[in-house]
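I opened my notebook to look up aromatic rings. Here is what I checked, entry by entry.

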Protein chains: 2
Amino acid sequence: MTPEESTSAPAVIVGLNAVILAVTDEHPRVLTVSFPTGSPIEGGGRIEGAGGSAVRDGLPTGPLDPAGDRTLELALRRWVRAYAGIELGYVEQLYTFGDRFRDPRERSGGPRVISVAYLALVRESTIAGHLKARWRGVYEYLPWEDWREGVPGVLEGAIAPVLRQWLRGDREEAEDRRERAGVTFGLDGAPWNGERVLERYELLFETGLVAEASRDAGNATLRRAIGREMAFDHRRILATALGRLRGKIRYRPVVFELVPETFTLLQLQRTVEALAGVRLHKQNFRRLVDAGGLVEGTGLIEPRTGGRPAELFRFRREVLRERQAPGVGLPGAFRKGVDSSYTQS
Amino acid sequence: MTPEESTSAPAVIVGLNAVILAVTDEHPRVLTVSFPTGSPIEGGGRIEGAGGSAVRDGLPTGPLDPAGDRTLELALRRWVRAYAGIELGYVEQLYTFGDRFRDPRERSGGPRVISVAYLALVRESTIAGHLKARWRGVYEYLPWEDWREGVPGVLEGAIAPVLRQWLRGDREEAEDRRERAGVTFGLDGAPWNGERVLERYELLFETGLVAEASRDAGNATLRRAIGREMAFDHRRILATALGRLRGKIRYRPVVFELVPETFTLLQLQRTVEALAGVRLHKQNFRRLVDAGGLVEGTGLIEPRTGGRPAELFRFRREVLRERQAPGVGLPGAFRKGVDSSYTQS
DNA sequence: CTCAGTTATACTCATTATGAGTATAACGGG
DNA sequence: CCCGTTATACTCATAATGAGTATAACTGAG
């Protein structure tokens with residue numbers, strides 16, 4: 001009854017998934033590879049990339065060498081270095097995905113596949129197309145998460161109507177569904193919480209609004225395929241990563257993993273906005289990071305701003321010792337939560 | 001190079017670990033089982049408990065049934081129900097531990113053991129000794145984490161001196177070490193951050209201040225065994241759990257998983273204090289949860305308080321829809337961090 | 001019955017953080 | 001030299017936090 005006993009265990013395979021993120025041109029990007037969609041063998045996608053005709057995007061996936069790799073994280077760094085030529089900096093374990101049939105070949109007798117997913121952040125400059133791996137916009141996959149230009153069209157147009165119908169669909173669970181829709185999507189005047197990315201994706205999955213839902217036999221029929229599809233459960237993993245990063249940015253100085261050594265404050269702000277998916281108040285952002293001790297001026301000037309030249313700043317490491325939770329404080333730190341009125345029905 | 005390919009994989013075993021926490025008598029408790037320490041086969045501890053002579057505490061550990069269990073979490077719930085008779089309520093995945101040799105039998109050819117650890121919270125009332133499982137105080141294992149009665153003696157007495165020596169031990173890394181000691185233990189006037197439980201445990205491990213350090217061949221000699229030892233890397237898992245819970249309590253109403261349906265505000269406060277390891281300001285705590293909409297009065301009175309009778313409150317679910325991050329806000333929410341002057345050398 | 005000890009609960013006040021502006025500076029391009 | 005654009009310095013109202021003061025309502029000792 002313990003792993004220490006069951007030496008003659010059934011087939012389980014442990015894999016590693018990497019969500020490698022960068023921000024370029026004010027867009028968050030994720031490193032993807034292509035997986036052939038040939039059935040019944042669905043997967044196969046190696047990091048070297050596409051094979052046959054129909055392909056599907058997916059996350060780089062690698063093995064654990066049980067005999068060689070000292071730790072899971074080192075295993076990840078090893079094969080990302082070997083196959084994508086990227087030396088990862090910031091790496092953090094995300095979540096372990098182990099649902100049955102997450103690899104469709106399990107249905108036809110394949111082994112159970114457990115995947116330990118990691119989040120890695122790389123700098124703009126590291127972005128160099130390599131082999132068959134390709135950078136893609138995170139919001140291509142999760143378009144309802146980008147509020148920088150206002151309420152995402154797909155939210156009002158496609159998601160909200162279906163959710164409202166779903167609310168009324170079940171008499172008994174009506175209250176639970178109302179609460180869930182409110183909390184995750186801010187329906188009915190509840191606040192939109194940028195961090196609940198995973199919960200939103202899962203609700204869309206359940207209500208048949210993402211293509212992945214139709215691949216799962218038992219699930220409701222597909223109403224609409226919102227956002228770009230991914231192989232396996234990789235979009236779920238991506239959603240987990242974005243949600244985690246949005247949360248972390250508030251209380252840990254992780255943004256600095258994504259910008260160059262020195263940067264203007266607007267560059268930094270745009271990077272945060274890209275991840276958070278919302279626009280920030282410029283003067284307050286400056287006050288937060290400058291007076292808050294997160295950055296320090298270098299005295300150097302970046303002249304090509306399109307307007308008045310800006311000072312270049314750098315991350316101030318000492319803040320780690322000075323403050324408990326140094327982060328950039330997204331809107332909503334006020335307890336009362338903003339009113340997202342897009343759904344006031 | 002992907003899990004999808006390596007069907008003929010080497011031996012990897014996936015286990016599940018449960019950190020089951022409750023708070024009784026104002027002390028956080030963890031459910032433990034006994035593992036025999038017989039070498040060279042170190043482990044073996046089943047949930048039914050102790051075997052031979054020398055035993056070591058550990059966390060309940062169970063298997064994943066690759067063919068039967070639909071999800072990892074359901075697998076966990078299943079065997080905790082089956083072997084400990086506890087029906088888990090709140091469950092959350094913690095972290096996946098996969099370092100080589102975390103099961104010492106790997107050194108003698110045993111399979112690589114990957115453990116997915118979960119955090120579960122149960123109510124006071126659920127605590128009923130069952131089989132050989134036993135509740136133990138969390139701070140027996142991590143005594144430096146409890147600041148409710150002031151600075152823990154072991155910090156000033158045993159830890160700080162060794163850390164100061166460690167600081168000076170290496171010329172080249174001096175600055176890194178200073179930063180690390182400051183951030184994790186609040187040395188030299190840096191603030192103490194209650195959430196960095198894991199980082200503290202790992203620093204103690206590296207400096208040879210916990211018994212587990214001496215079990216690892218390559219590590220420094222044991223200077224002192226602070227806190228109660230655990231089997232395998234279970235104390236590291238426990239530290240992960242406490243740190244995660246302390247963080248979560250700030251922005252999610254998880255405390256309510258640990259108290260009865262109705263409770264007095266002091267009961268609630270003591271529960272939070274037990275987890276956070278610090279004392280809170282009573283009037284402000286009341287304001288936070290009451291005016292903050294986290295709780296609502298029931299009108300009922302609890303007469304046996306030892307003083308004036310208190311009103312019984314209940315969790316107010318609606319807060320989930322109203323606020324973005326409903327939590328109890330531990331001290332240090334102020335950005336400037338408190339000054340922990342215990343180490344002003 | 002009174003008083004000390006204990007817990008509950010209502011308020012006050014200073015400080016800090018946040019959200020939203022106003023005002024001015026400094027560049028490039030017509 | 002005027003305009004659009006970005007940078008940067010301040011102001012102001014409101015909310016959240018930290019630390020008290022002041023009462024209220026019980027128990028038990030004497």
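Which residue lies over the face of F101(B), and at what distance from the ring centre? I looked it up: R107(B) does, at 4.4 Å. I note that the model is a predicted one.

**Charge over a ring, chain A.** I found R236(A) over the face of F205(A). The distance from the ring centre is 5.2 Å.

**Ring pairs.** I counted aromatic pairs over all chains and got 14. One of them joins F35(B) and F232(B). Their centres are 5.4 Å apart, and the planes make an angle of 85 degrees. Over 60 degrees counts as edge-to-face, so I filed this pair under that heading.

**Where these two sit.** F35(B) belongs to strand β2 of chain B, residues 27-36. F232(B) is in the loop between α6 (212-215) and α7 (234-251) of chain B. The pair therefore ties together parts that are 197 residues apart in sequence. I then checked accessibility. F35(B) has 1% relative accessibility and counts as buried. F232(B) is buried too, with a relative accessible area of 5%.

**A stacked pair.** Next I took F256(B) and F315(B). Their ring centres are 4.4 Å apart and their planes are at 25 degrees, so I call the pair stacked. This pair links distant parts of the chain, 59 residues apart. F256(B) is in the loop between α7 and β8 (262-263) of chain B, while F315(B) is in strand β10, residues 310-315. I also noted that F256(B) is buried, at 7% relative accessible area.

**A cluster.** Last, I turned to chain A. Ring pairs link W147(A), F185(A) and W192(A) into a cluster.

Key. Residues numbered from 1 in each chain as written. Chains lettered and ligands numbered in written order. Predicted model: local features only at pLDDT ≥ 70, side-chain atom pairs only at ≥ 80, totals over all residues. Heavy atoms only, no water. Phe/Tyr/Trp six-rings, centres within 6.5 Å; stacked < 30°, edge-to-face > 60°. Helix = DSSP H or I, 4+ residues; strand = E, 2+ residues; numbered from the N terminus. Buried < 20%, exposed > 50% of the residue type's maximum accessible area, 1.4 Å probe, protein only. Lys NZ or Arg CZ within 6 Å of the ring centre and 35° of its normal.
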